[in-house]
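Welcome! Please take a look at the sequence and the structure shown here before reading on.

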Amino acid sequence: MTLKFGMTGSTGSLGKNFISNNKNINFFCYKGDIRNKKKLLYWIKKNKFDALLHLAAIVPIKVVNKNRKKAYSVNYVGTKNVVDSIISSEIKWFFFSSTSHVYGSTQKKIKESSSISPISYYGKTKHLAENYIINKLSNSKIRYCIGRIFSTSNKNQKQNYLIPDLNKKIKKARIIIKLNNLNHYRDFISMNEISKIILSLYKRKFKGVINIGRGNGILLKDIARLICKRYKKKCTFVDNKKQTYLIANNTKLKRYHQFKKNMDLKDLIF
């Protein structure tokens, strides 16, 4: 029997990747605005899904900070609308794409039980949405999965994300370029890997919160150096006073997914 998945955010990088890597699944993609609760409810009632992947969100930090009101209405209120619309449906599994930005920065690997202290307004909107999901669905028949995704990069990633912005900036620069605020460690994972993980979690009907990251810290300076090498540029750095770390403790994830190889820096540069 062919699986039926509902999806919001199907035009985003993760949505496109998940669909392209799962041709055996029948996808029903929501085309409207998740802030329109009436249309959401109609879409869910009209279609009977085995699972719903809620990926729609305003993500780039720069975009979020330019319009916090809109980010709140999409990332939190929109999620609230989705959850309210599925509560009486026959959906058995619900996936919410959250973020490592709900955590505070720490030099230790971050567990799912680590303290919550959002490092960005984007992280704050996602944490508000997480709380609503937990409070609303914990005692329902729907098994929810909150995937806290760490850093990612892919060839379809748009501007306003770290690596595409770095690439553009360095490419346009003269021979020597000065770069600021890159003395930070981030845990990068590919979109292909994330798609595989989500499917594995669905098959196990995982319920709860889980970190989605490789557990390896990559210094952002090293990514910049690699891009500079590609374009034959020389880079100098001005460090931020506080070095930050967002690296996953993925012990829980490894029960459901086995990583085959380490992430190579070159895998991040397209």
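The report below looks at helices and at loop residues.

## About the model

This is a predicted model, in which local features need pLDDT of at least 70 and side-chain atom pairs count only at pLDDT 80 or more, while totals for chains, interfaces and linings use all residues. Residues are numbered from 1 along each chain as its sequence is written, and side-chain values use heavy atoms, with hydrogens and water left out.

## Helix α5 and its surroundings

Let us begin with helix α5, which spans residues 121-137. Its 17 residues reach 24 Å from the first C-alpha to the last, close to the 24 Å expected at 1.5 Å a residue (the expected span is 1.5 Å times one less than the number of residues). Helices here are DSSP runs of H or I with at least four residues, strands are runs of E with at least two, and both are numbered from the N terminus.

Buried residues (under 20% relative accessible area, with a 1.4 Å probe and protein chains only) in α5 include Tyr121, Gly123, His127, Glu130 and Ile133. Among the elements that cover the buried residues of α5 are α3 (61-66), α4 (68-86), β4 (93-99) and β5 (143-149).

## How α4 meets α5

The axes of α4 and α5 are 9 Å apart, and the helices pack at an angle of about 15° (axes are lines fitted to C-alpha atoms over the stretch in contact, and angles run from 0 to 180 degrees between N-to-C directions). α4 is therefore roughly parallel to α5, a term for angles under 35 degrees.

In the contact (heavy atoms within 4.5 Å), the α4 residues include Ala71, Tyr72 and Val83, and those of α5 include Leu128, Tyr132 and Leu137.

## How α6 meets α8

Helix α6 (residues 162-172) and helix α8 (residues 220-230) have axes that come within 10 Å and cross at roughly 40°.

## Two loop residues with positive phi

Most residues other than glycine have a negative phi. Asn181, in the loop between β6 (176-180) and β7 (185-186), has a positive phi near 60°.

Lys205 has a positive phi of about 50° and is not a glycine. The loop between α7 (191-203) and β8 (208-212) holds Lys205, which is partly exposed at a relative accessible area of 28%.

Terms used: Buried means under 20% relative accessible area, exposed over 50%, partly exposed in between (1.4 Å probe, protein chains only). Angles under 35 degrees count as roughly parallel, over 145 as roughly antiparallel, 65 to 115 as roughly perpendicular and the rest as oblique.
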